[in-house]
Amino acid sequence: MQLEKDVKITNKLGIHVRPASRIADTANKFKSKITFIKDGFEVNARSIIELLTLAAGQNTAIKIKSEGEDAEAALQAIVNLIESNFEEKNNGNKKRDRGFTGD
Amino acid sequence: MKFSDFIIRGTVIKELKNNDKKDVIQEMVETIKSVYKLTTPKTAEIVEALMKREKIGSTGIGHGVAVPHAKIPGLKTVLGAFGRSRDGIDFNAIDGAPVNLVFTILAPPDRAEANLQALQRVSQSIRQANFCKFLKEAKDIKEIVEIFKESDENIK
């Protein structure tokens, strides 16, 4: 089975190291091959390093391709993760104390 | 973003003096502060921000590379440092391997894209065959800078 879905990165900081590792962890739970495509450039979602090469900031459009026996569940899990803004508690709406942040 | 936009000769550390993760981070922050003559924030505050980020999840992204990073108030541009460790540092890296190559990235708080672009630069290079190998084998700072320069030229 092969599925595709267009998504938009909505979290404020984009796909930095932590979201990339969340995506890679999730992708590694499934048998399907998950590919992220940005401007025609394709990377394997199982690799943090590959994901970081996208430099996908907020509002970046990404096409996600899922291929394999569990393609549907894998795609849904990845989409859910992105739509949850990677469960980042603070997306810039709250004031941070002293402004030091390590994202 | 190019390496030359955030790592300069003065912030390349050929051989880190420390092996402990926090000490390494501190050594690199001190280097950045001294090279750029930053008086504020305090070293301890910057180290704390970087360590806080590490607690959320290690920035050891594999291939013996770590990218400790944090947003630091008052910065106008991304400031970085590169350090090598021959013995390797226990960074709790995702692949469990010790870290030999550390890229410390300090970014202005309001520029999420600059942070991403610096991370992009590092990740693009480390997946290239030989980049990490050459960095580990480089004899001196001049050679290390040359490797970054070459990498800047090869990747758009």
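## Chain A in outline

Read along its sequence, chain A follows the pattern β-α-β-β-α-β-α. That pattern is made up of 3 helices and 4 strands. The model described here is a predicted one.

Of the 103 residues of chain A, 55% count as buried. The accessible surface of the chain comes to about 5,100 Å², and carbon and sulfur atoms hold 43% of that surface. Among the contacts in chain A with a separation of 6 or more, 70% are accounted for by residues 24 or more positions apart.

A:Ser66 has its place in strand S4 of chain A. Its relative accessibility is 0%, and A:Ser66 therefore counts as buried, the limit being under 20%. The side chain of A:Ser66 reaches the backbone oxygen of A:Ala71 at a distance of 2.9 Å.

Neighbours within four places in sequence are left aside in the following list. A:Ser66 is in contact with A:Met1, A:Gln2 and A:Leu3, with A:Ser32, A:Lys33 and A:Ile34, and with A:Ala71, A:Ala74 and A:Leu75.

## Salt bridges within chain A

A search of the whole structure finds 12 salt bridges over all chains. In one of them, A:Glu4 pairs with A:Lys63, and the closest N and O atoms are 3.6 Å apart. A:Glu4 lies in strand S1 (residues 2–8) and A:Lys63 in strand S4 (residues 61–67), so the pair ties together parts of chain A that are 59 residues apart in sequence. A:Lys63 also forms a salt bridge with A:Asp6, where the closest N and O atoms are 3.2 Å apart. This pair, too, links distant parts of the chain, with A:Lys63 in strand S4 and A:Asp6 in strand S1, 57 residues apart. As for accessibility, A:Glu4 is partly exposed at 46%, and A:Lys63 is partly exposed at 29%. A:Asp6, at 55% relative accessibility, counts as exposed because the limit for that class is over 50%.

A further salt bridge joins A:Glu87 and A:Arg22, with the closest N and O atoms 3.3 Å apart. A:Glu87 lies in the segment after helix H3 (71–83) and A:Arg22 in helix H1 of chain A, so parts that are 65 residues apart in sequence are tied together by the pair. A:Glu87 is exposed, with a relative accessible area of 52%, whereas A:Arg22 is partly exposed, with 28%. Through shared partners, salt bridges join A:Glu4, A:Asp6 and A:Lys63 into one network.

## Where chain A meets chain B

The size of an interface is often given as the accessible area lost when the parts come together. Between chain A and chain B the buried area is about 2,100 Å², and carbon and sulfur atoms give 66% of it. The contact takes 23 residues from chain A and 25 residues from chain B.

Between the two chains the count is 1 salt bridge. The side chains of B:Arg127 and A:Glu50 meet in a salt bridge, at 3.0 Å from N to O. There are also 3 residue pairs in polar contact between chain A and chain B, with both residues of a pair at pLDDT 80 or more. On the side of chain A that touches chain B, the elements that give two or more residues are helix H1 (17–28) and helix H2 (48–52) of chain A. Helix H2 of chain A gives the most to this side, with 4 residues. By type, the residues of the side of chain A that touches chain B divide into 11 nonpolar, 7 polar and 5 charged.

## A buried leucine in chain B

B:Leu16 lies in the loop between strand S1 (12–13) and helix H2 (21–35) of chain B. Its relative accessible area is 7%, and B:Leu16 is therefore buried, being under the 20% limit.

Residues up to four places away in sequence are again not counted here. B:Leu16 touches B:Val24, B:Glu27 and B:Met28, and also B:Gly83, B:Arg84, B:Ser85, B:Ile89 and B:Val102. B:Leu16 and B:Asp87 are 71 residues apart in sequence, and their C-alpha atoms are 9.7 Å apart in space.

Terms used. Residues are numbered from 1 along each chain as its sequence is written. Chains are lettered from A and ligands numbered from 1 in the order in which they are written. Side-chain values use heavy atoms; hydrogens and water are left out. Buried means under 20% relative accessible area, exposed over 50%, partly exposed in between (1.4 Å probe, protein chains only). Contact means heavy atoms within 4.5 Å. Accessible areas come from the Shrake-Rupley method with a 1.4 Å probe; for residues, only the protein chains shown count as cover. Buried area is the accessible area (1.4 Å probe) that two parts lose on being put together, summed over both. A salt bridge is a side-chain nitrogen of Lys or Arg within 4 Å of a carboxyl oxygen of Asp or Glu. A polar contact is a pair of N or O atoms within 3.5 Å; within protein, one must be able to donate a hydrogen and the other to accept it, and residues adjacent in sequence count only if both atoms are side-chain atoms. Ala, Val, Leu, Ile, Met, Phe, Trp, Tyr, Cys and Pro count as nonpolar, Asp, Glu, Lys and Arg as charged, and the others, Gly among them, as polar.
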